[in-house]
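Please have the sequence and the structure open while reading.

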Amino acid sequence: MISEIQQRYQAVRARITQAALQASRNPDDVQLLAVSKTFAAEKVREVAALGQRDFGENYVQEGVDKIAVLKDVPSLVWHCIGPLQSNKTRPVAEHFDWVHSVDRLKIAQRLSEQRPADLPPLNICLQVNIDGGSTKAGVSPTDALALAQAVSALPRLVLRGLMTIPDPLESFDAQVAVHMQAKRLFDDLHASLGLPQFDTLSMGMSADLEAAVQAGSTMVRVGTAVFGGR
Ligand SMILES: *Cc1c(COP(=O)(O)O)cnc(C)c1O
């Protein structure tokens, strides 16, 4: 008997594979980040037992607690994907492996200063406000290159790429169009920065992962489709 969570996990894996093949891409070039926010550590353990290694958390304290409970599970990789205030950077620098939601230099500087010397550099994606809502988090596309240059100079960080959270759109074509804007910005920055490790385009969630993979996402962040409803 396979469990419900196993069924969902395999269905998400199949969606990613199918979307990659549809886009003439190698399915191995699209990583799955399982977004475990609001789900108990024991659910994460179940999904880890299926082979999943990368997990995403939005809330710092919840994430830090889960990381502690799951210390016995080998080689998990923890990604902070939620909005980050400057007074919350220390636990993130001390416990996470990646941060996807950096959108200003001050946060990056604090993460670099606070990253413990015995840990590898913290992997960073810059969150870009790709569809332009003025109240939304994320650096504007126009300011992204300058921020990327400043962040890439910080000693205890490694700039890995961009992250986007476009507003939900109904049609596949509209979803692809907004994800393509992110892909073009990613390619421009990649060319301007000349950093080989700038290799990650974090975009696509449960509802739009196919469109994101079509446009060139290298990491889809999937919560409800893996874990069930929140
Ligand atoms: C919650 C969340 C996700 C996952 O969303 P689902 O719709 O549950 O797949 C992805 N990215 C971010 C930043 C999130 O907050």
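Helices (H or I, at least four residues) and strands (E, at least two) are DSSP runs, numbered from the N terminus. The model is predicted, so to speak of local features requires pLDDT of at least 70, side-chain atom pairs count only at pLDDT 80 or more, and totals for chains, interfaces and linings use all residues. Residues are numbered from 1 along each chain as its sequence is written, and side-chain values use heavy atoms, with hydrogens and water left out.

**Helix α2**
- Just after α2, glycine 51 has a positive phi of about 110°.
- Within α2 (residues 41-49), Ala41, Val44, Val47 and Ala48 are the buried residues; buried means under 20% relative accessible area (1.4 Å probe, protein chains only).
- These residues lie on the same side of α2 because they cover an arc of only 115° around the axis, taken from the directions from the helix axis to the C-beta atoms.
- Their cover includes α1 (4-22), β2 (54-57), α3 (60-69), β3 (77-80) and α9 (224-227), where contact means heavy atoms within 4.5 Å.

**Strands β5 and β6**
- Eight of the eight residues of β6 (residues 157-164) are buried, so this strand is largely enclosed by the rest of the structure.
- β5 (residues 122-128) runs parallel to β6 and is joined to it by seven bridges; strands pair if DSSP finds at least two bridges between them.
- Isoleucine 124 has leucine 159 in β6 as its bridge partner.

**Ligand site**
- A ligand oxygen atom is 2.7 Å from a side-chain N or O atom of asparagine 58, and one is 2.5 Å from a side-chain N or O atom of serine 206; a polar contact is a pair of N or O atoms within 3.5 Å.

How values were computed. Buried means under 20% relative accessible area, exposed over 50%, partly exposed in between (1.4 Å probe, protein chains only). A polar contact is a pair of N or O atoms within 3.5 Å; within protein, one must be able to donate a hydrogen and the other to accept it, and residues adjacent in sequence count only if both atoms are side-chain atoms.
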